[in-house]
Amino acid sequence: MLLALLAETAHHLPDDAPPPFPPFEAWHMPGQLFWLAILFAVLYFSLSRFILPKMSDTIEKRSDRIASDLDQAAKLNEQAEEAQQALELRIAQAKAKARETANKATAKVEAEMTAETARVDAEIEKKLDAAEERISALRANAMQNVEQIAVDAADAMTSRFGLKASAADLKKAVSAALN
Amino acid sequence: MNFALQNTAIDPIHQFQVTKWLDLSIGGVDISFTNASGFMLLGVVLCIAFFGYAASKKALVPGRTQSMAEIGYGFVADMVRSTAGEEGLRFFPFVFTLFFFVFFANMIGMVPYAFTTTSHLVVTGALAMLVISIVIGFGIWKNGLSFFKLFAPSGAPFLIYLILVPIEIISFLARPVTLALRLFANMLAGHIMLKLFATFAAQLIGAALSGAVFMGVVGLLAFGMGVALNALELLVAGLQAYVFAILTCVYLNDALHPSH
């Protein structure tokens, strides 16, 4: 109202006065308001109905996409970690198996070695026994021969002296002397 | 000495002159399409063209135009959210429209010979009345009579209310006035300054060309000042649009949460 009044008084100024201050002139105000209302409404309508929903849609889609991509990345990461763990487990299993196999092989070889040793030992023992037996047999035989030789020698010596000794006495005397 | 200064009348007010482009009237009311309406139309068309084009892109990885528009979108959305809260987002399209309407009008006004639509009090006043009507209308519709608790913040002793309530009422009534005047006065004063320094520089340099060398020095200083003022006014053009929009958000926040 005040502005309109100002503008009114401005209009009634004499002709040689400076022109009125345009923002306070009243004649253009209805027109300004009219066009402002229309243009602001048009802008509001087209922004709120068409443009802003489209933009918010695009922005939302993008953030959804980013979120889902991040999710997927996390999932893949998890899978990779699982695979890593599985791999480590397999490696550990393989190592344990290898160790077991090696241990088994060692044990087997050791058993074989002991068995072989035992067998060879037994064989040697047997051979030794046989040899000893033969030696003792030979020794007994030799002893008998020695006795016979001694008896014969004693017989010859006694007959030389002109004595007569029975074979049994000689044998008895020789064996007593030998033992 | 015969300076060009004396011949030419400097009229910094001339740029605010409204001239008819198309004579129109409804029921005896003059609603002519004027240069003011023309530049307002230009701003609205540019605004719709820019955001419409940017919104039609819908690229997952935005290009330059789409990026700029989306930064604008995010800027206004953050402004509304931080001052009026999540419920304030129902007014987002309104604040967005208001901000970019004023922003485009101010920026178009920075182009030489262009008309600044926001340099007219009737325009800024109408926008301010629209804001305050929405604040009051929505405030009462949503909160009923408890909207008027806005004028009596809780927790004060009774005697204080005798002073507090009138102050609150006056400050509320002052809102549309200050909202309208701030934008209007900033644009008006800024453009008068620009015009003054520009004509001053032109005339002094003209005088220097016709012999008065000292005038040329002052003219160059005035020219430098004009350049600096242009930068300042560019800032003011953006800033006042922002101030208008953020104060709208603050007032809308009162309508949404009147008991503070």
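**View 1. A:Lys126 sits in helix α2 (residues 29-160) of chain A.** This is a predicted model, where local features need pLDDT of at least 70, side-chain atom pairs count only at pLDDT 80 or more, and totals for chains, interfaces and linings use all residues. Residues are numbered from 1 along each chain as its sequence is written, while chains are lettered from A and ligands numbered from 1 in the order in which they are written. Helices here are DSSP runs of H or I with at least four residues, strands are runs of E with at least two, and both are numbered from the N terminus. Is A:Lys126 buried or exposed? It counts as exposed because it has 10 C-beta neighbours inside 10 Å. The cut-offs go like this: 20 or more other C-beta atoms within 10 Å of a residue's own means buried, 12 or fewer means exposed, and in between is partly exposed, with C-beta atoms placed from the backbone. Now look along the chain to A:Ile38, 88 residues apart from A:Lys126: the two C-alpha atoms are separated by 129 Å.

**View 2. Chain A is built from helices, with zero strands.** Of its 179 residues, 10% are buried. UniProt, in an unreviewed entry, places a "coiled-coil region" at residues 66-148 of chain A. That span is 100% helix and 0% strand, and its end C-alpha atoms lie 121 Å apart. The UniProt record (again an unreviewed entry) also lists residues 33-52 of chain A as a "transmembrane region". Those residues are 100% helix too, with end C-alpha atoms 26 Å apart. A word on such records: positions are given in the numbering used here, feature names are shortened, and annotations may be inferred rather than shown by experiment.

**View 3. Here chain B touches chain A.** How many residues of chain B are in contact with chain A? There are 37 of them, and they meet 31 residues of chain A. Two residues are in contact if their C-beta atoms, placed from the backbone, lie within 7 Å. On the chain B side, the elements giving two or more residues are β3 (29-30), β4 (33-34), α2 (35-57), α3 (64-84), α4 and α5 (121-143). Helix α2(B) gives the most, with ten residues. By type, this side of chain B has 26 nonpolar, eight polar and three charged residues. For that count, Ala, Val, Leu, Ile, Met, Phe, Trp, Tyr, Cys and Pro are nonpolar, Asp, Glu, Lys and Arg are charged, and the others, Gly among them, are polar. For the complex, the predictor gives an ipTM of 0.89 and a pTM of 0.74.

**View 4. Helix α4 of chain B covers residues 92-109.** Its 18 residues reach 25 Å from first C-alpha to last, close to the 26 Å expected at 1.5 Å a residue. That expected span is 1.5 Å times one less than the number of residues. Why is α4(B) called largely enclosed by the rest of the structure? Because 14 of its 18 residues are buried. In chain B, α4(B) also has the highest confidence, at 96, while helix α1 (residues 4-7) has the lowest, at a mean of 41. The score behind those values is pLDDT, the predictor's confidence in each residue, from 0 to 100. Chain B averages 89, and 96% of the residues score at least 70. Over residues 1-8 of chain B, though, pLDDT stays under 50. Where pLDDT is low, the predicted coordinates should not be read in detail.

**View 5. Helix α6 (residues 158-209) of chain B has a kink at B:Arg175.** The kink is about 35 degrees and comes shortly before the proline B:Pro176. The bend at a residue is the angle between axes fitted to the seven residues ending there and the seven starting there. With 52 residues, α6(B) reaches 73 Å, close to the 76 Å expected. After α6(B) comes B:Gly211, with a positive phi near 120 degrees.
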